[in-house]
Amino acid sequence: MNRRNALRNMGLLTGGLTLIPYSCSLTPELVFKRLANVKKEQQDLIGWICNCILPEDLENFPTPESRQLFVLTQINDCENTAIILHFLEGLDSFQLALSTSKEMKIDRLTPEEQFVFLNLQFEKKGVIKIFLEMLKNYSLLHFETSEGYMKNYLAFEFMPGRYLGNVTV
């Protein structure tokens, strides 16, 4: 009887260990304190919108974090509660404008349809436009604070007060 229990427990343990990798996600879901209701799919949608507004070029303008993470962190840390509520309302309205049943994803549209849909949403007035303008402003800020842009286009020096040795005055 003990041998049967031991074999059964070993079978359950082996089966559980083989199923764990399939039930766990390898990419962790980021949770922001003030944007706690924004789930992984919505974060990916925000990242997609930001990259459609201003495409990310990691070769020429590398950044320490992704645009999606930068935008969400800035909104979470820098905006007040009223603006965050407008942002969340705009996100919900954007998803409802995409599909009232929330079953249709933006990935199922062709790139031309995606571009037309975003242009139509930018032309509307209301919470969706505020939502998209906020994403646009933070996407632009992310690009303008990249090291490549600051060094190559703004001639910004990270260490002020360069020492020039033998320079005639």
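Q: What share of the contacts with a separation of 6 or more joins residues 24 or more positions apart in the chain?
A: In this predicted model, residues 24 or more positions apart account for 68% of the contacts in the chain with a separation of 6 or more.

Q: Which elements make up the chain, and in what pattern?
A: The chain has seven helices and zero strands. Along the sequence, the pattern reads α-α-α-α-α-α-α.

Q: How many residues does the chain have, and what percentage is buried?
A: The chain has 169 residues, and buried residues make up 28% of them.

Q: What are the distance and the crossing angle of the axes of helix α2 and helix α6?
A: The axes of α2 (residues 40-53) and α6 (residues 127-144) come within 9 Å and cross at roughly 65 degrees.

Q: Why is α2 called roughly perpendicular to α6?
A: Angles of 65 to 115 degrees count as roughly perpendicular. The axes cross at roughly 65 degrees, and therefore α2 is roughly perpendicular to α6. The crossing of the two helices is right-handed.

Q: Which residues make the contact of α2 with α6?
A: From α2, the contact is made by I46, I49, C50 and I53. From α6, F131, L132, L135, K136 and S139 take part. These residues divide into seven nonpolar, one polar and one charged.

Q: What makes the aromatic pair of F94 and F117 edge-to-face?
A: Ring centres must lie within 6.5 Å to pair, and planes over 60 degrees apart count as edge-to-face. For F94 and F117 the values are 5.4 Å centre to centre and 65 degrees between the planes, and the pair is edge-to-face. A search of the whole structure finds seven aromatic pairs.

Q: Which parts does the pair of F94 and F117 tie together?
A: F94 lies in helix α4 (residues 81-98) and F117 in helix α5 (residues 111-123), so the pair ties together parts that are 23 residues apart in sequence.

Q: How do you know that F94 and F117 are buried?
A: Buried means under 20% relative accessible area. F94 has a relative accessible area of 0% and is therefore buried. F117, at 12% relative accessibility, also counts as buried.

Q: Which residues form one aromatic cluster?
A: F61, F143, Y149 and Y153 form one aromatic cluster.

Q: Where is S146, and why does S146 count as buried?
A: S146 is in the loop between α6 and α7 (147-152). The cut-off for buried is under 20%, and S146 counts as buried because its relative accessibility is 2%. Not counting residues up to four places away in sequence, S146 touches F61, P62 and T63.

How values were computed:
Residues are numbered from 1 along each chain as its sequence is written. This is a predicted model: local features need pLDDT of at least 70, side-chain atom pairs count only at pLDDT 80 or more; totals for chains, interfaces and linings use all residues. Side-chain values use heavy atoms; hydrogens and water are left out. Axes are lines fitted to C-alpha atoms, for helices over the stretch in contact, and angles run from 0 to 180 degrees between N-to-C directions. Helices (H or I, at least four residues) and strands (E, at least two) are DSSP runs, numbered from the N terminus. Angles under 35 degrees count as roughly parallel, over 145 as roughly antiparallel, 65 to 115 as roughly perpendicular and the rest as oblique. A crossing is left-handed if the near helix is turned anticlockwise from the far one by less than a right angle, and right-handed if clockwise. Contact means heavy atoms within 4.5 Å. Ala, Val, Leu, Ile, Met, Phe, Trp, Tyr, Cys and Pro count as nonpolar, Asp, Glu, Lys and Arg as charged, and the others, Gly among them, as polar. Rings of Phe, Tyr and Trp (its six-membered ring) pair if their centres lie within 6.5 Å; planes under 30 degrees apart count as stacked, over 60 as edge-to-face and the rest as tilted. Buried means under 20% relative accessible area, exposed over 50%, partly exposed in between (1.4 Å probe, protein chains only).
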